[in-house]
Amino acid sequence: MTLRRKIVLIVGVTLVALIVAFYGVSSSILLKNFALLEKRDVIRDVKWVESNLAGRVADLNDKLSDWAVWDDTYQFIEDRNQNYIRSHLGDTDFTELRVNFIVFVNRKGQVVWSKGFDLGTQKAKSAPESFLRLLNSSGSPLLQHASAGSVHAGMVLLAEGPALVVSRPIVTSRRTGPIRGSVIFGRFLDVRAVRQIANVAHSVLTVRRVDDPQLPGDFARAAIHEAGAIRVSVSDGDFISGYTVWNDIFGKPALLLRVDMSREILTQARTTIHYLVASLLVVGLCFGFAMVVLMERFVLSRVSGLIADVDRIGASSDLGARVSVSGGDELAGLASALNKMLGALQRSQGDLQESQRQLSSLMKNLPGMIYRCRHDEEGLIEFASEGCVELTGYQPGEFRHDKRISYTQLIHPGDRARIRQEVREAVLANRPFQLQYRITTAQGGTKSVWEEGRGIISPNGTVEFREGFLSDVTQQKLAADRLRLQGAALESAANAIVLTNRDGVVEWVNPAFSKLTGYSFSEAYGERLSLLKSGHHDEAFYEGIWRTILAGEVWHGELVNRRKDGALYTERMTIAPVTDEQGEIGHFIAIKEDITEQKTLQEQFLQAQKVEAVGRLAGGVAHDFNNILTAIGGYAEMMMRRLSTTDPLYRHADQIHKATERASGLTRQLLAFSRKQTLQPRVLDLSNAVTDIEKMLRRLIGEDIELHTIRGAAVGHVKADPAQIEQVILNLALNARDAMPKGGQLIIEVANATLDEDYARLHAGVSPGEYVLLAVTDTGVGMKEEVKEHIFEPFFTTKPQGEGTGLGLATCYGIVKQSGGHINVYTEPGRGTTFKIYLPRVETCIDPQPERPKLQELPSGQETILVAEDEPGVRKLSVDVLRGLGYHVIEAGNGEEGMRAATEDPGEKIDLLFTDVVMPQMDGKQLADWFETARPVTKVLFTSGYTADAILRRGIVEDRIAFLEKPYTPAVLARRVRETLDGEAGKSLPNG
């Protein structure tokens, strides 16, 4: 069969097949797709109707949300204020809200107020009775709200018709409880609302109740489907309908929705397909005839001519001959290609010669050395390119003819063994080798080279030669070494270093960064440094950083960041921009230094300074107050001694004396905090001290708190005042009791402890060494950080007014510090509190318990006593008491007056100097020093509200010094004066 007949047959068969296929596809696929399109349109309209109904519920919810959180509504549900109804629940409010009824229900489920409204007639009426009955039914979800944000919204079927309802809990404007009830908005889904929805959807919408006894058959069939599902059916030849079920707020089927749509799309599709098939048949016949004619005219006849020309040239073997070319189509291109191929054959020999010349030039000018050598131990070079001169200093002929210069001899002696081994392994594995090594030049110098080569396999399968290329990489090697050293320096830097791009994305971090933040290189790479943000700085802070560095300036500053484990730390950071060759900022480098420890020590130092300043103030106030209390209490006691117990004035004097004692206790607490109280320390066992006070603690803390005491093995001894240590334990136990109002556990632990250099570095004022730990732990409410910062300050308390003085922990702090110890607190809100007290451990034996003094009558005497006191009231009291006891008393208002009184009669013996320590002009210490020289037989008794004076060391009274603490009573003064006159104390004074 000829080509012409084949073309006619192919065109005819193709035309018939296309027409048949088109008609079949149109009938079976296109019409089916049009039917699916109709179904999707119906489903879309049904979903739109559902969406419109849901939107109406959402609109009702939006309007109700403001009413439910009004404080006026919250108050109305309690007091039923009629002003609220007149102001907010008038007919105009129902019109604006577009609701048919509003119901307020209290927390007990009782309807407080309700009202209905006809939006059509604009008239008020009662709320639907069926809806009110629905609210009274048990388990109604409209009144069950679990939280302040609870919402119940949906549809309910009422006797008056279906209605959209929304219920929200009544809470405060801050959206907090307790919930006082519920407020409900309702809107009927009447015929007017259905008509509005249908008009907007441009569809026919029908709504029927599920409980309608006269429900049509098509609706009954749709009712069996679950809520939300859409059923599509063709009701007749002209319409297609979509059905769906809408549940009420109880989750039960309530309404049936039907959307009808005409089938115009499918009818028009059938008509269009018939026209298209007829048109395609006519066009196809015309196209087939035209194709046959054109193929004959433009293709078949010219192909025949081209075949004849090719046969002619092949027969003549004339490469200079050419085929005829006509036109500009593909056949003409084929003819031109044949002519170009003939021309290319003519030029091939010339091109080959030119290629050889270019290769020779390339070998000569290539910046490196191409070689060929034997595959043996020496590697005798048989060929070397012109580049060997610049690389090695040798001429090519020196390699080819002077066999002294071999491949092996060119390599530096220090690298020969390694290179020989690597080349041998690569050749044996029949793979290329890449080497970097040093060579020795003709001038005796050294260069670094990079070589790529491989073994050449001969026809007999063995490797006889190697070929390769050597290039000079000396400068690159030096640069790489410098970069490696710089990288090593950055890697080993103590401070964290981060390199980011211009957008702040991390491209490199050193190990110090991982140690500081906890993020490894892989975790930080590709992330922004914002992963370290702690939330302590606002966005303006970070914007300021970006403005600085994007302007090309260096930023320095401190900021708080967060580690991977969530811990916060403070760092000092420097960010510098890195520019490229064009001067554009492409990267940033940040250097970070952890200064958390410095900040902690600084804060501790400032806190210690603040506490010390407050302590000095408290000590000064206590000193002056003690002078006043001494006079008040002393005269009160003198009045009591001169009055009968039946005298009414005796009771008043007794009350004055008791009030003085209470005030004296307050001043002792102030002195304890300021570390100016008098301690009487002795070596004791803290475990025994805890055991002695344990019974008292159980009575104090109550039965609902469990007391556990833990005593470590071989606990060391401490030197402290037992009474003051007992006061510390009592204060901490009482605070723990107040922190556990519902009961809990109180744990008191005594153990040995060692504080090392790291602990001392993190806690100001602590010296490393051996300590005894006294820990008091409770399981109470704990403390916030802002409370913890002030707990040791005097008069700071979290208790209600009138329930605490704020001196308990301040007193503990002063006693511990005055005893040479350290106190710290560990607490978290809701997780309890632990106070840890560290007292220095001593190696001496425990001191015996001192005997209690027995009550006795006030002792008297006839000796001469010089009283030096700058406070007139205290001086008058002391003089009256001592003179009443038979002593001869000389008065002095300060040190200078005392010295003058002692020199008026040099022959008069002064047995005792009773002097205040702190006085104007000349203090008590200076006066006592003068007496030691002028009247060495005179004994000295010191008194003061302070005890941190020149004669005292850290508030601890020396055994050789007689001291009386203010405020004191006449009885205490009488006994102390007698003890000083009769004993050894007061005979000598320490120097300084």
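The structure is a predicted model, in which local features need pLDDT of at least 70 and side-chain atom pairs count only at pLDDT 80 or more, while totals for chains, interfaces and linings use all residues. Residues are numbered from 1 along each chain as its sequence is written, and side-chain values use heavy atoms, with hydrogens and water left out. The helices (H or I, at least four residues) and strands (E, at least two) named below are DSSP runs, numbered from the N terminus.

We can begin with an open sheet of five strands, in which the order is 22-24-25-27-26 and the pairing is mixed; two strands are said to pair if DSSP finds at least two bridges between them. Strand 22 (705-711) and strand 26 (822-827) stand at the edges of this sheet with a single partner strand each, so one side of each has no neighbour in the sheet. Direction ignored, neighbouring strands of this sheet are turned by 15° against each other on average.

Inside this sheet, strand 25 (residues 769-778) is mostly covered, with seven of its ten residues buried, where buried means under 20% relative accessible area, exposed over 50%, and partly exposed in between (1.4 Å probe, protein chains only). Strand 25 pairs in the antiparallel sense with strand 24 (residues 744-755) over ten bridges, and Leu-773 in strand 25 is the bridge partner of Ala-751. Strand 25 also pairs in the antiparallel sense with strand 27 (residues 833-840), over eight bridges, and here Asp-778 stands opposite Thr-833 in strand 27. Strand 27 in turn pairs with strand 26 in the antiparallel sense over six bridges, with Ile-823 opposite Ile-837 of strand 27.

Helix 20 (residues 686-701) lies across strand 22, strand 24, strand 25 and strand 27, running at about 175° to strand 22. Helix 21 (residues 722-738) lies across strand 22, strand 24, strand 25 and strand 27, and runs at about 170° to strand 27. Such angles run from 0 to 180 degrees between N-to-C directions, and the axes are lines fitted to C-alpha atoms, for helices over the stretch in contact.

How do these helices meet? Two packed helices are described by the angle between their axes and the distance between the axes. The axes of helix 20 and helix 21 come within 10 Å and cross at roughly 40°. That makes helix 20 oblique to helix 21, given that angles under 35 degrees count as roughly parallel, over 145 as roughly antiparallel, 65 to 115 as roughly perpendicular and the rest as oblique. Among the residues of helix 20 that meet helix 21 are Val-690 and Ile-693, while those on the helix 21 side include Ile-729 and Arg-737. The residues of this contact divide into twelve nonpolar, no polar and two charged, where Ala, Val, Leu, Ile, Met, Phe, Trp, Tyr, Cys and Pro count as nonpolar, Asp, Glu, Lys and Arg as charged, and the others, Gly among them, as polar.

A further open sheet of five strands has the order 29-28-30-31-32, with parallel pairing. Strand 29 (888-892) and strand 32 (962-965) stand at its edges, each with a single partner strand, so one side of each is left without a neighbour in the sheet. Strand 31 (residues 939-944) and strand 32 pair in the parallel sense over four bridges.

Definitions and conventions
Contact = heavy atoms within 4.5 Å.
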